[in-house]
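This briefing goes through one structure by topic. Please keep the sequence and the coordinates at hand while reading.

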Amino acid sequence: MFMLLASGVAAASEEKDFEALRADAKRAFQEEATPFLEKYCTDCHGSRRMKGGINFAPALKNPGSMAFSRQWKQALAIVKSQEMADIHNRRRVRLALTGV
């Protein structure tokens, strides 16, 4: 009986820890990633234009959505490979991400 009670308390504690981490991640996304995406990305990858099939608008509305994880990976791969068509914007994004 004690083991069952102890495991229930541990599970509740882990749930609180998870929710706190999730809230911190959401706040960090809204404070750091959202302004970056709005400044460098959404003109070409938003609800009005979706160059390369990438639309960041749903991710900005629901940042923790697993439905968008494939597009995050795709966008990161494109930026890293320097395949973005707009060379000016590509340089701005690279500079903002790396400082180089």
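Is Arg27 buried, partly exposed or exposed? Arg27 is partly exposed, with a relative accessibility of 41%. The model is predicted, and the mean pLDDT of the protein chain is 78.

**Confidence**
- Of the residues in the protein chain, 80% reach a pLDDT of 70 or more.
- Confidence is highest in helix 2, at a mean of 86, and lowest in helix 4 (residues 87-98), at a mean of 70.
- Where pLDDT is low, predicted coordinates should not be read in detail.

**Salt bridge**
- A search of the whole structure gives 1 salt bridge.
- The side chains of Asp24 and Arg27 form a salt bridge, with an N to O distance of 3.2 Å.
- Asp24 and Arg27 both belong to helix 1 and are 3 residues apart, so about one helical turn separates them.
- Asp24 is partly exposed at 37% relative accessibility, and Arg27 is likewise partly exposed at 41%.
- As a general point, side chains of opposite charge can pair when their charged atoms come close.

**Nonpolar core**
- The largest nonpolar core consists of 10 residues: Phe29, Leu37, Tyr40, Cys41, Ile54, Phe56, Ala59, Phe68, Ala75 and Val93.
- Helix 1 (residues 2-40) supplies the largest share of this core, 3 residues.
- Leaving aside residues up to four places away in sequence, Phe68 touches Asn55, Phe56 and Ala59; Phe56, Ala59 and Phe68 are among the core residues.
- In soluble globular proteins, nonpolar side chains tend to be buried together.

**Aromatic pairs**
- The structure contains 3 aromatic pairs.
- One of them joins Phe36 and Tyr40, whose ring centres are 4.8 Å apart; the planes stand at 45 degrees, so this pair is tilted.
- Phe36 and Tyr40 are both in helix 1, 4 residues apart, or about one turn of the helix.
- Phe36 is partly exposed, at a relative accessible area of 22%, whereas Tyr40 is buried at 16%.
- In another pair, the rings of Phe56 and Trp72 have centres 5.3 Å apart and planes at 35 degrees, so this pair is tilted too.
- Phe56 lies in the loop between helix 1 and helix 2 (57-61) and Trp72 lies in helix 3 (residues 69-81), so the pair ties together parts that are 16 residues apart in sequence.
- Phe56 is buried, with a relative accessible area of 4%, while Trp72 is partly exposed, at 26%.
- Phe56 and Trp72 form one aromatic cluster together with Phe29.

**His45 and its surroundings**
- His45 is in the loop between helix 1 and helix 2.
- At 15% relative accessibility, His45 counts as buried.
- Not counting residues up to four places away in sequence, His45 is in contact with Lys51, Ile54, Asn55, Phe56 and Ala57.
- Ile54 and Phe56, both touched by His45, are listed in the largest nonpolar core.
- Asn55 and Phe56 are touched by His45 and also by Phe68.

Definitions and conventions
Residues are numbered from 1 along each chain as its sequence is written. Side-chain values use heavy atoms; hydrogens and water are left out. A nonpolar core is a set of buried Ala, Val, Leu, Ile, Met, Phe, Trp, Tyr and Cys residues joined through side-chain atoms within 4.5 Å. Buried means under 20% relative accessible area, exposed over 50%, partly exposed in between (1.4 Å probe, protein chains only). Helices (H or I, at least four residues) and strands (E, at least two) are DSSP runs, numbered from the N terminus. Contact means heavy atoms within 4.5 Å. A salt bridge is a side-chain nitrogen of Lys or Arg within 4 Å of a carboxyl oxygen of Asp or Glu. Rings of Phe, Tyr and Trp (its six-membered ring) pair if their centres lie within 6.5 Å; planes under 30 degrees apart count as stacked, over 60 as edge-to-face and the rest as tilted. pLDDT is the predictor's confidence in each residue, from 0 to 100.
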